[in-house]
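Me: I would like to go through this model by question and answer. Please keep it brisk.

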Amino acid sequence: MAGIIIPPSWRIPEREAADKAGYANRRQFIRATSLAIASAALAPAGCLARSAPSLVHSGPLDTIPANAPRTGLPAARNAAFSVPERPLTDRVAASSYNNFYEFISTGDLKNVWPLVGDYQPFPQTVKVSGLVEKKFEIDIADLIREMELEERIYRFRCVEAWSMTVPWTGFPLRKLIDKCAPTSKATHVAFISADKPKEMPGIRNAPWWDWPYFEGLRLAEAMNDLAFVATGMYGEPLPKQNGSPMRLVLPWKYGYKGPKAVVELRFVDQQPPTFWNKLQPAEYGFVSNVNPNVPHPRWSQATERYIQSEVNIERRDTFLFNGYAEQVGSLYPDEPTTLSRRIR
Ligand code: MTE
């Protein structure tokens, strides 16, 4: 494979990385917004004080919770979901190059794992609310033990134009939705992430953001066979920084559509608000399908930096729907196939 070998530069400060103007700009926007909101709200000085998390983990794979269920692991690989044209991303890379704002509002923005020491993903419950036959709450470890787990290899694409290939373990979202029994009035499902300021330094240090993280899908999207609830990766339970105890993986959408540490599913009858769209609607839409024809207002989406390992990063063309047009194309008859500036 003709890979462009870049020295271990993927951990270098974002502003120094090639084609990473987008990162820097996004961060600047976030910092500026955060500070503006903080001053506008006249946050008490105490709120702005940084508080350090406990450094209890010695490496990015040491963060798999000791009490995570291991029933059914390693799960059998479902051969229908493979990525023939790319090698898997190295496991250490996938667990040390993360995006999880509940932890990273301070320090090295791509160095989440050292900040997850206080986070206890288990025990935790997931709540099912809104337009369902019967609201309920279930222990997530029990849910994981109850579901039939499988492994799927998916392309993974972040809006910040980096990508990976990851073997996820989990179950189709559709199977969880079937358990929830939404009523015929439900058109969308909202997902709400864990809100644990005592354990999540990003929440603690940036209380002016609209926590907890929230996302949403049309019901037809959520029921698509590709929509997956990941409870593990690389044959083991999810490391905390990858979204333990469970997170969504929607491989045809940008990564931000897949909330981590999901603790509530709320069935609703209109499009729910979403974290990034609410913060910056001119840059982040609701649909957010991977599409090389729709540039982010501040950077192109035509290509991506494929992270195979810390030292092997290649530039690749971006695929429409991240290569999943066959499975999801019919859901989006209006998806742009020529250059479009419409954020959707
Ligand atoms: N979920 C929560 N709760 N908080 C986050 O900050 N970041 C999103 C998504 N889910 C995020 C989240 C973004 S922008 C991306 S690209 C992916 O998680 C990153 O997943 P990874 O760190 O496992 O690669």
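Me: In which direction do S1 and strand S10 (residues 262-268) run relative to each other, parallel or antiparallel?
Reply: Strands are DSSP runs of E, at least two residues long; helices are runs of H or I, at least four long; both are numbered from the N terminus. Two strands pair if DSSP finds at least two bridges between them. S1 and S10 are joined by 4 bridges. Their direction is parallel.

Me: What kind of model is this, and what is left out of the side-chain values?
Reply: This is a predicted model: local features need pLDDT of at least 70, side-chain atom pairs count only at pLDDT 80 or more, and totals for chains, interfaces and linings use all residues. Residues are numbered from 1 along each chain as its sequence is written, and side-chain values use heavy atoms, leaving out hydrogens and water.

Me: Which strands does S4 bridge to, and how many bridges join it to S3?
Reply: S4 runs parallel to strand S11 (residues 303-307), with 2 bridges. It runs antiparallel to strand S7 (residues 228-233), with 5 bridges. Strand S3 (residues 150-157) is also antiparallel to S4. The bridges between S3 and S4 number 8.

Me: Which turn residue between S3 and S4 has a positive phi?
Reply: S3 and S4 form a hairpin with 4 residues between them.

Me: Why is Ser-163 counted as buried, and which residue stands opposite it?
Reply: Ser-163 is found in strand S4. It counts as buried because its relative accessibility is 0%. It is in contact (heavy atoms within 4.5 Å) with residues including Arg-86, Glu-304 and Tyr-306. The residue opposite is Arg-157.

Me: Why do the buried residues of H5 lie on the same side, and what arc do they cover?
Reply: In helix H5 (residues 173-180), the buried residues are Leu-173, Leu-176, Ile-177 and Cys-180. The arc is that of the directions from the helix axis to the C-beta atoms. They lie on the same side of H5 because their arc is only 100 degrees.

Me: Which backbone oxygen does the side chain of Ser-193 reach?
Reply: Ser-193 is found in strand S5 (residues 188-193). At 2% relative accessibility, it counts as buried. Its neighbours in contact include Glu-102, Tyr-213 and Val-262. At 2.7 Å, its side chain reaches the backbone oxygen of Lys-260.

Me: How many residues surround the ligand?
Reply: A residue is near a molecule or strand if one of its heavy atoms lies within 4 Å of it. The closest to the ligand are Asn-98, Tyr-101, Glu-102, Gly-258 and Lys-260. The total is 17 residues.

Me: How far is a backbone N or O atom of Tyr-101 from an oxygen atom of the ligand?
Reply: A polar contact is a pair of N or O atoms within 3.5 Å; within protein, one must be able to donate a hydrogen and the other to accept it, and residues adjacent in sequence count only if both atoms are side-chain atoms. A side-chain N or O atom of Asn-242 lies 3.1 Å from a ligand oxygen. For the backbone of Tyr-101, the distance is 2.7 Å.

Notes
Buried means under 20% relative accessible area, exposed over 50%, partly exposed in between (1.4 Å probe, protein chains only). Lists of a residue's contacts leave out its neighbours within four places in sequence.
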